[in-house]
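Notebook open. I want to go through the strands, the helices and the annotated domain in turn.

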Amino acid sequence: MAYPMQLGFQDATSPIMEELLHFHDHTLMIVFLISSLVLYIISLMLTTKLTHTSTMNAQEVETIWTILPAIILILIALPSLRILYMMDEINNPSLTVKTMGHQWYWSYEYTDYEDLSFDSYMIPTSELKPGELRLLEVDNRVVLPMEMTIRMLVSSEDVLHSWAVPSLGLKTDAIPGRLNQTTLMSTRPGLYYGQCSEICGSNHSFMPIVLEMVPLKYFEKWSASML
């Protein structure tokens with residue numbers, strides 16, 4: 001999860017988020033190089049009075065500054081499209097969980113089980129235990145198996161919500177009357193926090209999401225205890 005004064009992204013815990021971080025670094029480097037070149041040219045124009053008369057009307061220069069930006073855009077677009085297609089792929093999910101947004105809590109239903117569903121409310125500040133995080137802890141965590149492809153079906157029963165977990169690279173809108181889907185897979189166990197990312201009313205800030213990723217054998221024990 002994020003820590004105070006953090007400037008970058010949270011640590012990636014899914015293959016998709018790792019790809020997004022690599023793409024961010026790739027694009028940021030291109031932006032840095034372009035900015036450095038523009039700053040260098042501006043500084044030259046301000047500090048020298050020499051002019052090269054042959055560059056005032058040169059087809060070669062115009063050709064270069066037309067083709068070069070096109071190449072740069074292609075270098076940004078191709079990896080971006082690749083990640084977009086990867087995020088939309090559904091590869092034989094091992095588990096399906098339906099998430100419903102409400103004002104102002106989340107409800108979850110494990111559709112592969114006959115009767116496994118619960119509501120997830122934020123724990124009030126006055127009821128927090130030592131070490132728990134304010135505005136982020138919930139009474140019922142979403143327990144999921146790690147290293148398995150999981151399909152999340154996201155919808156809403158009242159207004160627009162958005163189910164987002166930054167460390168997994170997930171952000172899916174919950175729209176009334178529409179079922180959106182996304183996939184997630186965690187490469188390691190742990191607790192991963194998120195929040196509603198769509199302004200949905202007065203208690204919008206009090207809709208945390210907590211995913212508890214565990215090995216499969218612990219998930220089976222948890223699911224058996226919940227049934």
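This is a predicted model: local features need pLDDT of at least 70, side-chain atom pairs count only at pLDDT 80 or more; totals for chains, interfaces and linings use all residues.

Is strand β5 (residues 150-156) mostly covered or mostly uncovered? I find β5 mostly covered, with six of its seven residues buried. Buried means under 20% relative accessible area, exposed over 50%, and partly exposed in between (1.4 Å probe, protein chains only). Strands here are DSSP E runs of at least two residues, helices are H or I runs of at least four, and both are numbered from the N terminus.

Residues are numbered from 1 along each chain as its sequence is written, and side-chain values use heavy atoms, with hydrogens and water left out.

**Entry: the partners of β5.** I looked up the pairing next; two strands pair if DSSP finds at least two bridges between them. β1 (95-102) runs parallel to β5, joined by seven bridges. Thr-96 stands opposite Arg-151 of β5. Strand β8 (residues 180-184) runs antiparallel to β5, with five bridges. Here Ile-150 faces Leu-184 of β8.

**Entry: the five-stranded sheet.** I traced an open sheet of five strands, ordered β4-β10-β9-β6-β7, with mixed pairing. β4 and β7 (170-174) are at the edges and have a single partner strand each, so one side of each lacks a neighbour in the sheet. On average, neighbouring strands of this sheet are turned by 25° against each other, direction ignored.

I then went through the pairs. Strand β4 (residues 142-145) is parallel to β10 over four bridges. Leu-144 stands opposite Met-213 in β10. Strand β9 (residues 190-196) is antiparallel to β10, with six bridges. Gly-194 has Ile-209 of β10 as its bridge partner. β10 (residues 208-214) is mostly covered, and six of its seven residues are buried. Strand β6 (residues 161-165) pairs with β7 in the antiparallel sense over five bridges. Ser-162 is bridged to Asp-173 in β7. Helix α3 (residues 216-226) packs on the sheet and touches β4 and β10. Its direction makes about 140° with that of β4. Contact means heavy atoms within 4.5 Å.

**Entry: the two helices.** How do α1 and α2 pack, and at what angle? Helix α1 (residues 15-47) packs against α2 at about 165°, and their axes are 11 Å apart. Axes are lines fitted to C-alpha atoms, for helices over the stretch in contact, and angles run from 0 to 180 degrees between N-to-C directions. The two helices are therefore roughly antiparallel; the cut-offs are under 35 degrees for roughly parallel, over 145 for roughly antiparallel, 65 to 115 for roughly perpendicular, and oblique for the rest. The contact residues include Phe-23, His-26 and Ile-30 of α1, and Ile-76, Pro-79 and Ile-83 of α2.

**Entry: Glu-89.** I looked next at the loop between α2 (59-88) and β1, where Glu-89 lies. Glu-89 counts as partly exposed because its relative accessibility is 42%.

**Entry: the record.** For residues 92-225, UniProt lists "domain: Cytochrome oxidase subunit II copper A binding" in an unreviewed entry. Such annotations may be inferred rather than shown by experiment. I checked that stretch: the chain there is 7% helix and 43% strand, and the end C-alpha atoms lie 26 Å apart.
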